[in-house]
Amino acid sequence: MDSTWNILYRGSLTSCNYSCHYCPFAKTKNTREELAIDAQQLLQFQNWVNGRKEKIGILFTPWGEGLIRNYYQMAMTALSHMPNVYRVAIQTNLSCSLDWVDEVNKDSFALWTTYHPSQLSLDSFLEKCEALVEKGIRFSIGTVGLKEDIEIISQLRKRLPSSVYLWVNAYKREADYYNSDHLKQLLEVDPLFHWNNQYHQSKEKACDAGSTSFSVDGDGNMTSCHFIKEKIGNIYQENFEEALYPRLCSNTTCGCHIGYVHLKELEQKKIYGKGLLERIPIHL
């Protein structure tokens, strides 16, 4: 078995400080008790990682916004300094203070940031990006490719350093959502957009999910990926490693980046290399 694991961690956090109309968790709030449970679960996971010998990459994919919580900042900082952690990244709207990133190990730390035009001005978001560049933090930027936002997405690309990758998640809830002009504009922003603007056939196809890549929830329950709900084990139980072996995908299609990048036939590792978790292509 490969001694390198990529883990997608999603705890019980669901609270978010943004209210994007396309997100079911917009402006949700966890109680103080719920946040305390999430913090305790995260600390347990952090301690588990510290006790492992495998080379581990971690992408936090919270339903809510994690980095406005001090305990997520502390966990990511601690994980970045662990010798067996080659990468720790998180999906974030970047609304948090950035003072704390001065303490991270920049060799292993990265951010998967997202821009939401309905929630924040372009200038304000760019200020945050400039701060990350000045601090030497690796990050990608993503946004949802809504037709009404294409112009501001293009402006964002023009004002970013060429070394920062701006990716676009296709809006796939409506069939034939984009016309040829939309597609041209979005491909100029993100040359890899075509990978996301489709549902990849995945039924019975080889995938790293469930073998060298797997998802973990706050209780330690393991699934092959976020999109297959069948539990395959629990990281806090003895011999959980026996649940990790090559599998064929049981879903008909896969349309989300954090899923299809693990499909073997798509060879996405050739595009992203060690930037797979934080969505930063090799060519950058």
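A residue counts as buried when its relative accessible area is under 20%, as exposed when that area is over 50%, and as partly exposed in between. Leucine 183, at 28% relative accessibility, therefore counts as partly exposed. The model described here is predicted.

**Packing of helices α1 and α2**

- Helix α1, spanning residues 32-50, packs with helix α2, spanning residues 70-80, at an angle of about 5°, and the two axes are 10 Å apart.
- Because angles under 35 degrees count as roughly parallel, α1 is roughly parallel to α2.
- On the α1 side, the contact is made by Leu35, Asp38, Ala39, Leu42, Gln46 and Val49.
- On the α2 side, the contributing residues are Tyr71, Tyr72, Ala75, Ala78 and Leu79.
- By class, the residues of this contact comprise 9 nonpolar, 1 polar and 1 charged.

**Aromatic pairs**

- The structure contains 16 aromatic pairs.
- In the pair of phenylalanine 60 and tyrosine 72, the ring centres are 6.1 Å apart and the planes stand at 85°, so the arrangement is edge-to-face.
- A tilted pair is formed by tyrosine 171 and tyrosine 177, with 4.9 Å from centre to centre and 50° between the planes.
- Both tyrosine 171 and tyrosine 177 are buried.
- Ring pairs join Trp5, Tyr9, Phe45, Trp48, Phe60, Tyr71, Tyr72, Phe214 and Phe240 into a cluster.
- Tyr71 and Tyr72, both included in that cluster, are also among the α2 residues that make the contact with α1.

**Charges over rings**

- Arginine 10 lies over the face of tryptophan 63, at 3.8 Å from the ring centre.
- Lysine 172 places its charged end over the ring of tyrosine 199, 5.6 Å from the centre of that ring.

**Residues of helix α2**

- Glutamine 73 is part of helix α2.
- With a relative accessibility of 14%, glutamine 73 counts as buried.
- Apart from residues up to four places away in sequence, glutamine 73 touches Leu67, Cys96, Ser97 and Trp100.
- Alanine 78 also lies in helix α2, where it is one of the residues that make the contact with α1.
- Alanine 78 is partly exposed, its relative accessible area being 27%.
- The C-alpha atoms of alanine 78 and isoleucine 56 are 14 Å apart in space, while the two residues are 22 residues apart in sequence.

**Partly exposed residues elsewhere**

- Leucine 183 is located in helix α5, which covers residues 180-189.
- When residues up to four places away in sequence are not counted, leucine 183 touches Tyr178, Phe193 and Asn197.
- From C-alpha to C-alpha, leucine 183 is separated by 24 Å from glutamine 119, with the two lying 64 residues apart along the chain.
- Asparagine 221 is found in strand β10, which covers residues 221-225.
- At 21% relative accessibility, asparagine 221 counts as partly exposed.
- Asparagine 221 is in contact with Ser215, Val216, Lys231, Gly233 and Asn234, leaving aside neighbours within four places in sequence.
- Between asparagine 221 and glycine 233, 12 residues apart in sequence, the C-alpha to C-alpha distance is 6.0 Å.

**Positive phi values in residues other than glycine**

- Leucine 94 has a phi near 65°, a positive value in a residue other than glycine.
- Leucine 94 is situated in the loop between β3 (85-92) and β4 (109-114).
- The relative accessible area of leucine 94 is 1%, so leucine 94 is buried.
- Arginine 279 has a phi near 65°, again a positive value in a residue other than glycine.
- Arginine 279 falls in the segment after α8 (269-272).
- Arginine 279 counts as buried, at 2% relative accessibility.

Key. Residues numbered from 1 in each chain as written. Predicted model: local features only at pLDDT ≥ 70, side-chain atom pairs only at ≥ 80, totals over all residues. Heavy atoms only, no water. Axes fitted to C-alpha atoms, helices over the stretch in contact; angles between N-to-C directions. Helix = DSSP H or I, 4+ residues; strand = E, 2+ residues; numbered from the N terminus. Parallel < 35°, antiparallel > 145°, perpendicular 65-115°, else oblique. Contact = heavy atoms within 4.5 Å. Nonpolar A, V, L, I, M, F, W, Y, C, P; charged D, E, K, R; others polar. Phe/Tyr/Trp six-rings, centres within 6.5 Å; stacked < 30°, edge-to-face > 60°. Buried < 20%, exposed > 50% of the residue type's maximum accessible area, 1.4 Å probe, protein only. Lys NZ or Arg CZ within 6 Å of the ring centre and 35° of its normal.
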